[in-house]
Protein chains: 2
Amino acid sequence: MDDAELVEQVSRGDRRALARLLSHIEDGREERVRALVAALHPVSGSAHLVGLTGAPGVGKSSLAAALVAHWRAQGHSVAVLAIDPTSPFTGGALLGDRVRLERHVLDDGVFVRSMATRGHLGGLSWAAPPALVALDAAGFDIVVVETVGVGQAEVEVAAVADTTIVGLAPGMGDAVQAAKAGILEVADVLVVNKADRPGADRALRDLADLQEPGIGTAARQGLTLPDGVEDWDPPVRATVATATGEASGVGALAQTVAAHRDWLARSGLARHRARARAALQLRELAQAAVRGRLGAMAGGTLLDDLAAQVADRVLDPYTAADRLLAALEIER
Amino acid sequence: MDDAELVEQVSRGDRRALARLLSHIEDGREERVRALVAALHPVSGSAHLVGLTGAPGVGKSSLAAALVAHWRAQGHSVAVLAIDPTSPFTGGALLGDRVRLERHVLDDGVFVRSMATRGHLGGLSWAAPPALVALDAAGFDIVVVETVGVGQAEVEVAAVADTTIVGLAPGMGDAVQAAKAGILEVADVLVVNKADRPGADRALRDLADLQEPGIGTAARQGLTLPDGVEDWDPPVRATVATATGEASGVGALAQTVAAHRDWLARSGLARHRARARAALQLRELAQAAVRGRLGAMAGGTLLDDLAAQVADRVLDPYTAADRLLAALEIER
């Protein structure tokens, strides 16, 4: 079967074709990925992309599973792209947490895919954006991208999602640390999961205190809202979603996510966000192309020679970098 | 005073000149930073660069302060470059933790500088590598770069340091999570700080269990060691270093850091690491140059037009990125 046929099957909702196509994306042969995205991109754009992130131990996978169950009960189809940090040493993703999503394994309205970050620590895989295009093009109502929130991850998730949920848990470092890490700037919805644990009230209170009333999403970006549309102040929700399957507060969380989507449409930010996202993606793809060409130089004579000269203090790093850049081939 | 004179004063050990020069670096006028680094680089290379990282709440600043006090008592001069994540919203670095390092404020053998990451979450500032060259050139025996370890940060610190210390604390997420985040791959020395707290024994045991005997630093990189030199298995140390000033285990930690430096020299890895570090830095500088040029396009007509076409599904992202890249000016 050629790729055009595969894309056709994916856009008709064929789950096995989708799984195969995602494997092609993960294989990462650049020309093929480009061709697949070029074919899928025009039929994408209707899914609600939900980012779900937070530090290790927040219970993101359990929360994702609870949200999926809720959305399924409401009749929505849902895809989950779970990004696993890979240890470059052990070489494998830790998939244990994922297993409980498998209870939907026979449900065609749910699709779960794990993707390793391959050498990145946290953050998204380079393959995540093309995979999201594929899941979107496959016709899911909601596409969740779940990633462990360490460092850049929240920002990267927010950069691809319509609605970003940042999860916290009681006692995992206080809210000041959360502010320090900048997560309040990227969250559309904040969730304190494991809210039945000691310290939950305090975490909820601290988060509420940190918010600055009247400085919502649009104000922060200097955007003017249409008449009658109020700004969005990222709400704080409390949930209990654990590996054993109990869940509370998940319905309210799902409602908040839906309200945010509605607000994005009414405020005009949906379109603004889509364009900003595209601009960011273009710059990243261009940078990735340069990185790829620089990476291809690793171990090569030019880079080795320049590095040795810098290490031996014969050449300063900026001059050496200029020489490296000059040797790059940029097509124009 | 011109920059040549400033560099001259810095390399003679003038602390006020050093502070002024670091401000010039932070100002970030590219041509000036290049010229300063070109002048400082030839006289750098003798300091022991120690990276200190770990999640928020580990007590890194207290540990840094305790190490500085220990090294000073041994007669070493020490500089600390403390990288603070900046909230893009509040615009300021949270400097509270830094204050207690100020007890060395009248000691010319200690120099402490905070640097904001400016919009990055965690990780190093772009200004950190040139600042480290300056601190090294200023003649400090030991230069510590301290950063909150979220995501890329550990990797970035390890990429600039001779010896990387990764700090953990009891009960802050277990050792499996640490492994998941890949920190064991970048740490030369592991420290469980706050080792008087409940859960410390377990954290120490878990970390020890995770290590694979016989797979040390050299083996992991596929390097052959000279006869009679054993491989380095990152040791696990326990410390108590708190804001109130009590400290234990810090002497043993400092000894381990010194032993690692000695091993780097004996094994030949010091030179190998310096070259690998230079190669990485060159690639990063080249990428940064491209990123700068792409950044200069933000808000410009070409990027806006291309982003709108991608958001409207008129153009696929890869084709648009090609057009963006073709518009870059790469000197050759």
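A residue is called buried if 20 or more other C-beta atoms (placed from the backbone) lie within 10 Å of its own, exposed if 12 or fewer do, and partly exposed in between. The views below show a predicted model, in which local features need pLDDT of at least 70 and side-chain atom pairs count only at pLDDT 80 or more, while totals for chains, interfaces and linings use all residues. Residues are numbered from 1 along each chain as its sequence is written, and chains are lettered from A and ligands numbered from 1 in the order in which they are written.

**View 1. Helix 13 of chain B and its buried side.**
Welcome to the first close-up.

B:Val310 and B:Ala321 are 11 residues apart along the chain, and their C-alpha atoms are separated by 10.0 Å. With 14 other C-beta atoms within 10 Å, B:Arg313 is partly exposed. Most residues other than glycine have a negative phi, yet B:Arg313 has a positive phi of about 65°.

**View 2. Helix 3 of chain A, with a buried side and an exposed side.**
Which residues of helix 3 of chain A are buried? They are A:Leu36, A:Val37, A:Ala39 and A:Leu40. Their arc around the axis is only 160°, which puts them on the same side of helix 3 of chain A. A:Glu30 and A:Glu31 are exposed on the other side. Among the elements covering the buried residues of helix 3 of chain A are helix 1, helix 2 and helix 5 of chain A, as well as helix 13 of chain B.

**View 3. Helix 3 of chain A packed against helix 5 of chain A.**
These two helices pack at an angle of about 35°, with their axes 10 Å apart; the axes are lines fitted to C-alpha atoms over the stretch in contact, and angles run from 0 to 180 degrees between N-to-C directions. From helix 3 of chain A, A:Val33, A:Val37 and A:Leu40 meet A:Pro130, A:Val133, A:Ala134 and A:Ala137 of helix 5 of chain A. By class, this contact has seven nonpolar, no polar and no charged residues, where Ala, Val, Leu, Ile, Met, Phe, Trp, Tyr, Cys and Pro count as nonpolar, Asp, Glu, Lys and Arg as charged, and the others, Gly among them, as polar.

**View 4. Helix 2 of chain A from end to end.**
At 1.5 Å a residue, times one less than the number of residues, the 13 residues of helix 2 (residues 15–27) of chain A should span 18 Å, and the end C-alpha atoms are 18 Å apart, which agrees. A:Leu18, A:Leu21, A:Leu22 and A:Ile25 are buried in helix 2 of chain A. They cover an arc of only 100° around the axis, which puts them on the same side of helix 2 of chain A. An α-helix has 3.6 residues a turn, so residues three or four places apart point the same way. On the other side of helix 2 of chain A, A:Arg16, A:Ala19, A:Ser23 and A:Asp27 are exposed. The buried residues are covered by elements including helix 1 (3–11), helix 3 (30–40), strand 3 (110–116) and helix 5 (128–137) of chain A. Just after helix 2 of chain A, A:Gly28 takes a positive phi of about 80°.

**View 5. A:Lys194 in its loop.**
A:Lys194 is found between strand 6 (189–192) and helix 9 (200–210) of chain A. Is A:Lys194 buried or exposed? It counts as buried, with 25 C-beta neighbours inside 10 Å. Its phi is near 55°, a positive value in a residue other than glycine.

Conventions
Helices (H or I, at least four residues) and strands (E, at least two) are DSSP runs, numbered from the N terminus. The arc is that of the directions from the helix axis to the C-beta atoms. Two residues are in contact if their C-beta atoms, placed from the backbone, lie within 7 Å.
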